[in-house]
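I opened this notebook to record what I looked up in the structure shown below. The entries follow the order in which I consulted it.

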Amino acid sequence: MPATKKTVKRSLLVTSATLLSLSLTAAPALADGSPSPSTSPSATPPADMSVVGGERLGRPGTQVDLGSGAPVLPKDLTARSWIVADAESGDVLAAHNAHWRLPPASTMKMLFADTVLPKFPKSTEHKVVPSDLAGIGSGSSMVGIKENETYTVHDLWLGVFLRSGNDAVHVLSAMNNGVDRTVKDMQAHATELQALDTHVVSPDGYDAKGQVSSAYDLTLFARSGLQKKDFREYCSTVRADFPGETKKNKKGKKSRESFEIQNTNRLLTGDSDISTYQGIAGVKNGNTTNAGATFTGVAERDGKVLLVTVMNPEKNEHNEVYKETARLFDWGFRAAGKIQPVGELVPPKGVDTTAQPGAKASGGTSEDDRASSKPVAAATGTRSGSSGIGIALAVAGGFVVLLAAGVFLVNRRWPLPDLMRRRR
């Protein structure tokens, strides 16, 4: 299909999806006019859902087109919603209730990071004041930030990605002119990414009335975040040292030791009942009472990069969200090239979808472009944030086109620079 016709078709789909989204959320509304969906999800998906990315993605139930020789989907999937997509081309290989608006838990931190991470250099230091930690939800996951202590932005992002620390999120939000400002920034960025199922109430993903997203939108957040070098580094870090509390000894001398934190993504670290997934490179997990377990992961195998999002498995077993994600990854890698896509991950608004391969936006090469053209290998120690088990960043090869440049390649192809690959 010619690029112009595909662009027109995509525009019509997005326009109709926007109108549908507005009709679904017309009432009730919050004081600022934003939609306020129910806090607790229904037991069954709605009959009418967004059609962003394709009409089939708006249908309830499983959507897949199995070609000759294609493997069947795993039979033991219990998640309310899931999606398997090609991270580079944007093709959706299969989906189940992809646009069902559900509580996202800490997977919402992907949108937080994609929105806020570019705003502060990682070397920036910030002294925490009591107001920075105000309003953190009861029972929140915490990395252990202390008042009157100074942390670098790098420290804070390690706390966000590894320990899913709501305290780190709130400190970064305070640096970004407060939680309310950050929520507005996140909502605006979600709109820019065409993530129309998402309504942001808290920046950390904590259960809040009206806070929802979808497997489709979470996958958009991951795909956008992975265009950023620092995002890729943080989400693939297995363990790191985190600054502790300053103490005085008997002689009055101050000292500050650090303690180790480990990533809570069990496909990255492994656990008693689950192995580290071959080729895994992030992205983010979550779990709250209302949302259940949620997870978005990215993995590479034999040159193919897949994104999988799983939301709220009904099967109540330890690490079930990771087990179902691993089965979908296995299926996706076997099915690649043997099935017809059922939809696509749409590009952000305002990007040039007709740019020729190798083209770049006007204005020259960005700092992130230059950084992403060099291989970056993770260290093997635990002193400043490392994989510890062999995750590395390797150059994908050729000229890369980043979101910051505002350019997509023909046919929606969006390479992930510095693809993270597992060393044997």
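Entry 1. I began with S89 and noted that its relative accessibility is 10%, so S89 counts as buried, the cut-off being under 20%. I record here that the model is a predicted one.

Entry 2. I then asked where S89 lies in the chain. I found S89 in the loop that runs between β2 (79-86) and β3 (91-96). I also looked up the side chain of S89 and found one of its polar atoms 3.2 Å from the backbone nitrogen of D91.

Entry 3. I turned next to the helices. Two packed helices are described by the distance between their axes and by the angle between those axes. For helix α2 (residues 109-116) and helix α3 (residues 153-163), I noted that the axes come within 11 Å and cross at roughly 160°. Angles over 145 degrees count as roughly antiparallel, and α2 and α3 are therefore roughly antiparallel to each other. I recorded the crossing of α2 and α3 as left-handed.

Entry 4. I asked which residues make this contact. On the α2 side I listed K109, F112, A113 and V116, and on the α3 side W157, V160 and F161.

Entry 5. I finally asked how many residues of α2 are buried. The helix α2 is mostly covered, with eight of its eight residues buried. Among the buried residues of α2 I noted K109, F112, A113 and V116, which I had also listed in the contact with α3.

Technical notes
Residues are numbered from 1 along each chain as its sequence is written. This is a predicted model: local features need pLDDT of at least 70, side-chain atom pairs count only at pLDDT 80 or more; totals for chains, interfaces and linings use all residues. Side-chain values use heavy atoms; hydrogens and water are left out. Axes are lines fitted to C-alpha atoms, for helices over the stretch in contact, and angles run from 0 to 180 degrees between N-to-C directions. Helices (H or I, at least four residues) and strands (E, at least two) are DSSP runs, numbered from the N terminus. Angles under 35 degrees count as roughly parallel, over 145 as roughly antiparallel, 65 to 115 as roughly perpendicular and the rest as oblique. A crossing is left-handed if the near helix is turned anticlockwise from the far one by less than a right angle, and right-handed if clockwise. Contact means heavy atoms within 4.5 Å. Buried means under 20% relative accessible area, exposed over 50%, partly exposed in between (1.4 Å probe, protein chains only). A polar contact is a pair of N or O atoms within 3.5 Å; within protein, one must be able to donate a hydrogen and the other to accept it, and residues adjacent in sequence count only if both atoms are side-chain atoms.
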